[in-house]
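Please read the report below alongside the sequence and the model.

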Protein chains: 2
Amino acid sequence: MADYYLYTPGPTSVPEKVRKRMAEQVIYHRGDEFKKLFTRINKNLQYIFQTSQPVLTLVSSGTGGMEATFVNLFSPDDTIISVNNGKFSARWVEMPRALGLKVIDLRLDWGEAPTAAQVLRLLRKHPQAKAVYLVHCETSTGTVTDVRSLAKVIRNNSSALVCVDGVSSIGALEFRFDDWGIDVCVTASQKGLMLPPGLAFVALSRRAIRKFSSSSLPKYYFDFKKILNSYRSEQTPWTPAISLLMGLDESLKMIHSEGLEKIWKRHKILADSLRSGIKKLGLEILSKNPSNSVTAVLLPRHIKSLEFHNHIQNKYGCIFGKGQGHYASELFRIGHIGNVQESDVQRIITAIKKTLNELK
Amino acid sequence: MADYYLYTPGPTSVPEKVRKRMAEQVIYHRGDEFKKLFTRINKNLQYIFQTSQPVLTLVSSGTGGMEATFVNLFSPDDTIISVNNGKFSARWVEMPRALGLKVIDLRLDWGEAPTAAQVLRLLRKHPQAKAVYLVHCETSTGTVTDVRSLAKVIRNNSSALVCVDGVSSIGALEFRFDDWGIDVCVTASQKGLMLPPGLAFVALSRRAIRKFSSSSLPKYYFDFKKILNSYRSEQTPWTPAISLLMGLDESLKMIHSEGLEKIWKRHKILADSLRSGIKKLGLEILSKNPSNSVTAVLLPRHIKSLEFHNHIQNKYGCIFGKGQGHYASELFRIGHIGNVQESDVQRIITAIKKTLNELK
């Protein structure tokens with residue numbers, strides 16, 4: 001495939017500048033050059049999360065990053081509350097259970113976002129809850145959760161940690177770790193950071209860091225104590241994914257140079273334009289609270305998912321995400337996150353319009 | 001730094017062809033193109049390990065790959081035997097203990113390799129041992145363990161699994177997973193496979209796979225059941241490190257085209273030549289059983305480690321590994337693994353010779 005456009009909600013398109021940097025010879029991770037690189041990256045990561053707290057870098061997918069938060073903050077039989085409104089949030093119910101935690105899940109229909117009242121009710125019913133896990137943008141449905149308001153409610157009514165899956169939001173949707181009182185936020189490299197997958201990032205508040213010492217779940221590779229100790233001397237305890245970090249250095253520079261608030265605004269403008277174009281085609285958007293980074297669109301009933309994806313990819317070079325879970329054959333998902341411009345939105349709308357006509 | 005030569009024992013030099021492939025736009029991991037790529041990679045990985053058994057690919061460093069073996073095969077308080085003759089083997093004592101296992105360690109001096117008699121004595125003393133962990137090449141000392149003979153002894157005298165850290169051996173030293181009766185072997189991307197770090201690979205025997213069902217250690221991200229299920233349908237359960245897999249596809253093709261036995265032979269010839277050159281310079285090699293992939297050399301007492309590394313890097317462009325653990329300032333370590341030729345050996349010897357003269 002020579003010419004195609006990657007509009008999946010991860011991996012997202014990697015800018016040429018970033019790819020060129022990753023094609024350079026790797027550097028030695030125990031030398032001075034690496035220290036300089038890592039220090040620069042860590043500073044820029046704090047900017048992306050809007051925090052003065054440490055942001056740890058792990059070699060893993062976002063799922064690994066989320067696991068790291070569970071095993072470092074909690075002990076067997078600790079209770080946590082986890083919103084469950086899509087494929088990924090469901091994983092943050094299943095995973096902590098597999099790791100030995102008690103999980104109260106706030107089950108919502110796919111496409112719905114949790115309200116402050118719903119979270120508050122659960123917190124009052126389970127005052128022993130050590131944390132509330134929220135998904136900022138649920139990638140399977142393109143639904144955004146009002147993390148800012150919910151964090152306030154959680155902070156005002158409990159001592160539970162506010163933990164956020166920011167995988168398809170960080171670097172695209174407004175997010176302010178310090179100002180909003182977030183304790184934990186995880187993201188991954190292949191979304192707003194415009195990199196290939198392979199890295200996870202975890203921002204941690206002072207409250208969260210204090211939990212390390214009481215957590216008794218077994219861990220080693222993901223041990224935040226070890227990772228934070230190394231971080232403080234600009235190092236990593238295990239061999240880092242050097243080429244991805246070199247690429248990250250470039251993409252963080254690009255983000256810094258455009259400016260985070262401008263990037264959030266660009267994502268909002270493009271999402272508005274995309275949603276309006278999709279509605280004009282007579283299509284329905286799944287989410288009741290749609291995200292500015294991912295849009296899940298219901299396929300017209302007479303069109304088969306496989307046929308749609310093959311046609312739009314082969315004829316128009318547009319690669320979208322498939323539906324997931326019980327929506328596997330009913331949805332297509334468009335990633336408009338990271339390296340996207342208005343020309344992409346126009347290409348997407350035109351390709352969908354023509355494909356729907358041609359598959360009639 | 002424009003011109004330098006990466007002779008650390010990991011990361012190793014990444015061939016241009018591989019770097020160019022990694023600079024291509026990432027592909028979607030839930031599409032057909034990825035399935036074809038992953039199927040081809042998996043077949044070639046079996047060749048590298050000399051096995052017809054599955055080789056699982058994880059997004060993690062080698063340390064993550066090792067942790068995955070502990071949490072999938074064992075339960076709390078299970079006993080394992082682990083050889084302890086260097087920095088990495090010591091980690092395979094510390095890590096399983098942190099994860100809740102009982103570890104009997106066979107402590108040897110750094111630079112020594114375990115004998116069959118030593119392993120047999122421990123196996124007889126601890127017949128409940130569920131596994132013996134060996135490090136094929138201990139990267140901190142450049143010491144090779146006779147995995148083939150030890151595996152035979154372990155198999156003939158116990159039901160313990162034979163588990164091998166093959167991080168700095170696979171793709172460089174002779175290794176035959178099936179023929180030698182190995183149960184578990186872990187390697188990582190940044191050594192003999194000539195890639196940047198970020199991927200771990202785990203080959204598993206039928207006996208090892210049968211252990212999954214009885215293991216009760218908590219796991220999710222590294223859950224081999226989930227990973228093996230996905231593997232069987234040419235998929236990964238979590239987002240894979242796509243650009244590294246694209247590079248791996250190239251490097252595995254290069255290995256296939258040169259031929260594994262020829263590559264083992266090349267490493268032997270280069271290592272012989274390097275060791276002979278080093279001895280001619282009057283330097284001492286640490287290991288009593290030196291590996292054909294990594295050589296740890298004792299620095300003359302009058303030369304400071306930092307001075308040596310800075311000089312040879314800045315003047316001759318040669319980057320070596322530093323010493324580790326209690327040998328931190330006494331050793332330098334040369335990686336001659338993966339993408340290396342006779343010209344590299346000559347460059348290394350000449351650079352050391354001149355550096356020693358210039359620092360006199």
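## Aromatic pairs

In this predicted model, a search of the whole structure finds 29 aromatic pairs over all chains, where rings of Phe, Tyr and Trp (its six-membered ring) pair if their centres lie within 6.5 Å, and planes under 30 degrees apart count as stacked, over 60 as edge-to-face and the rest as tilted. One of them joins Tyr7(B) and Phe320(B), whose ring centres are 6.5 Å apart and whose planes stand at 35°, so the pair is tilted. Because Tyr7(B) lies in strand 1 (residues 5–7) of chain B and Phe320(B) in strand 13 of chain B, the pair ties together parts that are 313 residues apart in sequence. Helices (H or I, at least four residues) and strands (E, at least two) are DSSP runs, numbered from the N terminus.

## Basis of the values

Residues are numbered from 1 along each chain as its sequence is written, while chains are lettered from A and ligands numbered from 1 in the order in which they are written. Local features need pLDDT of at least 70 and side-chain atom pairs count only at pLDDT 80 or more, whereas totals for chains, interfaces and linings use all residues; side-chain values use heavy atoms, with hydrogens and water left out.

## Salt bridges

Over all chains the count comes to 41 salt bridges, each being a side-chain nitrogen of Lys or Arg within 4 Å of a carboxyl oxygen of Asp or Glu. Among them is the bridge between the side chains of Arg275(A) and Asp272(A), at 2.9 Å from N to O. Both residues lie in helix 10 (residues 260–280) of chain A, three residues apart, about one turn of the helix. Between chain B and chain A, however, the count is zero salt bridges.

## The interface between the chains

The contact (heavy atoms within 4.5 Å) takes 54 residues from chain B and 54 residues from chain A. The residues on the side of chain B that touches chain A divide into 27 nonpolar, 16 polar and eleven charged, with Ala, Val, Leu, Ile, Met, Phe, Trp, Tyr, Cys and Pro counted as nonpolar, Asp, Glu, Lys and Arg as charged, and the others, Gly among them, as polar.

The area buried between chain B and chain A, that is, the accessible area (1.4 Å probe) that two parts lose on being put together, summed over both, is about 4,200 Å², of which carbon and sulfur atoms give 61%. In chain B, Gln25(B), Tyr28(B) and Tyr220(B) lose the most area to chain A, together 17% of what that side buries.
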